[in-house]
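The stops below are given in the order in which to select them.

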Amino acid sequence: MTAAGRGDERVPPPEVARPAETGPAAPPAPRPAAPAPPVPLLLQGQDYLFRSQPRCLDFQEQVHRLGMVDEGDGGPVPCVLVLARAADMEMNELSVALAERGIRMARIDADRSVDLPLTVYTDQPLLELDRWLLRPLLVWRRHFELASIPVEPGTLAGAYAVDQWGSVANWLASRGDWAHVNPSRATAHLDRLTQLADAAAFGLRVPRTTVTTRPGRTRPGGGRCIVKTSGRHLLEPRPGRQHGLFPRPLETSRAGDVPESAPVIVQEYVPAETELRVFVVGESCLAFQVDKLDPAQLWVDPGAVRVTPVEVPSGLADRLLALARHWRLQVAAFDLLVAGGDHVFLEVNVNCDWRWFEHRAGDHRVSAAVHEWVAARFKELLGAGKGR
């Protein structure tokens with residue numbers, strides 16, 4: 001048997017074998033492109049985009065920067081400290097209301113945080129913000145989203161700034177030297193699934209719910225279903241550009257084996273006559289009836305939504321106030337369905353916005369209640385000697 005017959009003939013590699021006769025090597029065959037991953041359900045057909053401008057509209061900050069107020073003797077000034085973003089109009093309005101009451105309000109906005117002159121003392125409840133020495137008595141974190149910090153995404157410097165601000169903001173929002181509105185220690189883990197379990201424990205009806213990466217295979221309640229985000233309603237992949245993740249019907253024709261890239265909430269569809277948004281401010285409940293045709297209409301077609309001030313039934317108010325106390329919330333918004341005379345809990349919104357509802361309803365009770373509550377709490381802390 002020859003060497004070739006044994007299969008051990010030594011031959012040169014194909015790329016150098018007989019180059020003079022074969023000519024240039026043929027280019028390798030292109031690899032087939034990997035199939036594109038399916039678009040997540042809550043990103044399909046969503047065209048909501050909100051552009052948030054990092055422009056200061058805070059009344060108190062502007063008049064202090066212009067030197068239009070008495071700066072005092074240089075000692076620490078008791079204040080309400082807000083961690084927010086420039087477009088937080090509820091806090092811009094609060095700044096005016098507190099100025100009318102002679103109360104200093106200062107703010108740290110995430111989208112204006114780069115190069116901010118800030119020093120926080122760890123051995124005293126004081127901070128220097130720009131040229132002002134402040135003694136926070138009450139701290140409120142609202143819409144201080146790390147994604148809105150104006151840094152270049154995907155860079156080492158950007159990741160560094162976001163990580164540092166995240167740590168410091170969490171510390172400021174939970175530090176024990178001052179009081180808090182909706183303290184982060186209590187609300188940081190108040191996700192929608194915890195909300196549903198607690199609401200049921202307090203006697204409220206909740207929809208049947210599943211968390212899954214295979215929504216096409218899941219039918220809690222056995223009928224029509226709604227798909228919801230298990231996280232935030234707004235994503236901000238780049239600073240100042242927010243995209244909505246709104247509830248949407250689960251299409252029955254969707255293939256059961258199509259996976260989602262992350263778990264979503266699937267809830268039974270509850271036919272309802274209307275919806276309620278109930279604002280809890282301290283020990284008060286202030287409600288609006290919200291009539292809309294689609295779960296996302298509040299954002300994508302707000303002009304078609306009808307908002308009407310209504311009273312809260314006493315039994316429902318008692319349950320919501322008890323839940324707010326359990327969660328240590330002072331200012332929050334509850335969303336409920338009205339179905340067959342019953343109230344079905346959907347979620348509580350800690351960073352709740354109320355001005356839009358007030359504008360649509362021509363009713364400003366929530367703003368008045370929030371301003372009065374914050375001012376009263378500040379004066380209570382000041383009177384207890386917290387301002388020294």
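Which residue just after helix 9 takes a positive phi? Select Arg328: in this predicted model, its phi is about 60 degrees.

Now step back to helix 9 itself, residues 314-327.

Next, colour the buried residues of helix 9: Leu316, Ala317, Leu320, Leu321, Leu323, Ala324 and Trp327. They lie on the same side of helix 9, because they cover an arc of only 160 degrees around the axis. An α-helix has 3.6 residues a turn, so residues three or four places apart point the same way. Show what these buried residues pack against: helix 6 (184-187) and helix 7 (192-201), together with strands 14 (274-281), 15 (284-291), 17 (331-339) and 18 (342-349). Then turn to the face directed away from the buried side, where the exposed residues Ser314 and Asp318 are found.

Move on to the aromatic rings. The structure holds 9 aromatic pairs. One of them is Trp356 with Phe357: the ring centres are 5.2 Å apart and the planes stand at 90 degrees, so this pair is edge-to-face. Trp356 is partly exposed, at 28% relative accessibility, whereas Phe357 is buried, at 5%.

Finish with two arginines. The charged end of Arg104 sits over the ring of Trp132, 5.1 Å from its centre. Arg142 lies over the face of Trp140, at 5.7 Å from the ring centre.

How values were computed: Residues are numbered from 1 along each chain as its sequence is written. This is a predicted model: local features need pLDDT of at least 70, side-chain atom pairs count only at pLDDT 80 or more; totals for chains, interfaces and linings use all residues. Side-chain values use heavy atoms; hydrogens and water are left out. Helices (H or I, at least four residues) and strands (E, at least two) are DSSP runs, numbered from the N terminus. The expected span of a helix is 1.5 Å times one less than its number of residues. Buried means under 20% relative accessible area, exposed over 50%, partly exposed in between (1.4 Å probe, protein chains only). The arc is that of the directions from the helix axis to the C-beta atoms. Contact means heavy atoms within 4.5 Å. Rings of Phe, Tyr and Trp (its six-membered ring) pair if their centres lie within 6.5 Å; planes under 30 degrees apart count as stacked, over 60 as edge-to-face and the rest as tilted. A charge sits over a ring if NZ of Lys or CZ of Arg is within 6 Å of the ring centre and within 35 degrees of the ring normal.
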